[in-house]
Amino acid sequence: EAHNLVDRGREMYSAELKKEDFLKLKKVVRGYDKKMGSLLERCNRQLLNYKKECEDYRTLESVEAFILPLNKLAAQMERFLEDYDDSPVRKEVLEFYFEISHFLLMYDKLNDKYVIYGELRKDDSFVLKLFCVDPSGNLEECMMRGRSSILFSATFLPIQYYKGLLGEEDYEVYASSVFSPEKRGLFIGSDITSKYTRRGPGEYFRAASYIKEITAQRQGNYLIFFPSHAFLREVYDAYQQTFFDAEREICILQEEYMGEKEREEFLSRFSEVGTDNLRLTEMAPSKEVAELRKNKGEETADRRSLLGFCVLGGIFSEGIDLKQDRLIGAIIVGTGLPQVCNEREIIRQYFDKQTQNGFDYAYQYPGMNKVLQAAGRVIRTAEDIGIVALLDERFLQRSYQRMFPREWEQYRVTTCNHAAFHVGEFWKRWT
């Protein structure tokens, strides 16, 4: 979906080279090509000069002193690849040649939409990057090669932000939703926030309490999204210590690093079976619960709610299709603001200089898109019924509400003490 094209455009039209890679290849080609080794050392020395002037990251006006030996190195690598087709170091040379070629290609595209910066990373490595902060020109040039372009996304909000960064100057169409707004309950928590300055045991406990109050009103499958893995763990621990009921629910977590098999296993837990008024989750219960049920003579079919604790912007907040009762609720803790980092700050500073609101471009707009994507997991067909809970008082601010879709005009403001009542009232209409 095209809302991803802003960051992917930045990535496609940016390029970086790591100083340590020049030294690494120099050791590899030693004894095979003395001239290439000498040029690798020249490039390394120039990057070392940039590194000495960099404490964290530093923007640079020009890197011409580096480009001159880099061009010569690329030419020498090309000659080597043509002359020594069976060289034992060909693979390493070829891979780095592609990196250098891409860097030089992006250097030829440099304009005022780029920022050049050097960054000293935690492992003491040094990277020089040509960062395409505004990819609109490059994307527009690419799309002009066709007769027309149609860009689609369900979360193109605010639309002028996307039009500006995607190089689109023509028409936008807002298609009316085919989903009945009555089938989605939208709730905003007014007494909770994920602001860094407010994070602590009290806010973690409040978030856990909200989760308990909301999910207790209807048995089913829920996804609960957090701004980071660290925040997720804090709330999960608070929930386990105070509210978790093994007979009523199962909790599963998105791990920080998950392979394809682990992702499939996570999603497979959100299966569905038919029952009277609600298709409920059926899966193998934990050993403790299975033993308890056996002692009570109960059937082994699981009738507990499934709570999936996930990260906003992660693999389970976009591109998954949990239809009908495979998912009946999404609880979103926080506004999804990206973590502060050098590139986000470069984006903010760049758009501030363009007389735009740099904070919006670097943090608020990308964060809200993650929220919209996570909320979109709930209603997937015209028959779906579910709730979306936005747990952060900032969602009541005008700066956030102007990014709400038209379908979000009707919402209920609630508090932790009243969430159970408000959510329960919604579900009564569909019992």
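Me: What makes the seven strands that include β7 and β11 an open sheet, and in which order do they stand?

Reply: In this predicted model, the seven strands follow the order β7-β8-β6-β9-β10-β5-β11, and their pairing is parallel. The strands β7 and β11 (412–414) stand at the edges with a single partner strand each, so one side of each is left without a neighbour in the sheet. Neighbouring strands of this sheet are turned by 20° against each other on average, with direction ignored.

Me: Why is strand β7 said to be largely enclosed by the rest of the structure?

Reply: A residue is called buried when its relative accessible area is under 20%. Five of the five residues of β7 (residues 249–253) are buried, so the strand is largely enclosed by the rest of the structure. Both faces are covered, with Glu 249, Cys 251 and Leu 253 buried on one side, and Ile 250 and Ile 252 buried on the other.

Me: Which strands form the open sheet with antiparallel pairing, and which of them are its edges?

Reply: Four strands form this open sheet, in the order β1-β4-β3-β2. Its edge strands are β1 (15–18) and β2 (57–60), each of which pairs on one side only. As an average with direction ignored, neighbouring strands here are turned by 20° against each other.

Me: How do you know that β1 and β4 are paired?

Reply: Four bridges join β1 to strand β4 (residues 126–132) in the antiparallel sense, and the requirement is at least two, so they are a pair. Lys 18 stands opposite Val 127 in β4.

Me: Which strands does helix α3 touch where it packs on this sheet?

Reply: Helix α3 (residues 34–52) touches β2, β3 (114–120) and β4, and its direction makes about 85° with that of β4. Helix α12 (residues 342–353) also packs on the sheet, touching β2, β3 and β4, and its direction makes about 150° with that of β3.

Terms used. Residues are numbered from 1 along each chain as its sequence is written. This is a predicted model: local features need pLDDT of at least 70, side-chain atom pairs count only at pLDDT 80 or more; totals for chains, interfaces and linings use all residues. Side-chain values use heavy atoms; hydrogens and water are left out. Buried means under 20% relative accessible area, exposed over 50%, partly exposed in between (1.4 Å probe, protein chains only). Axes are lines fitted to C-alpha atoms, for helices over the stretch in contact, and angles run from 0 to 180 degrees between N-to-C directions. Contact means heavy atoms within 4.5 Å.
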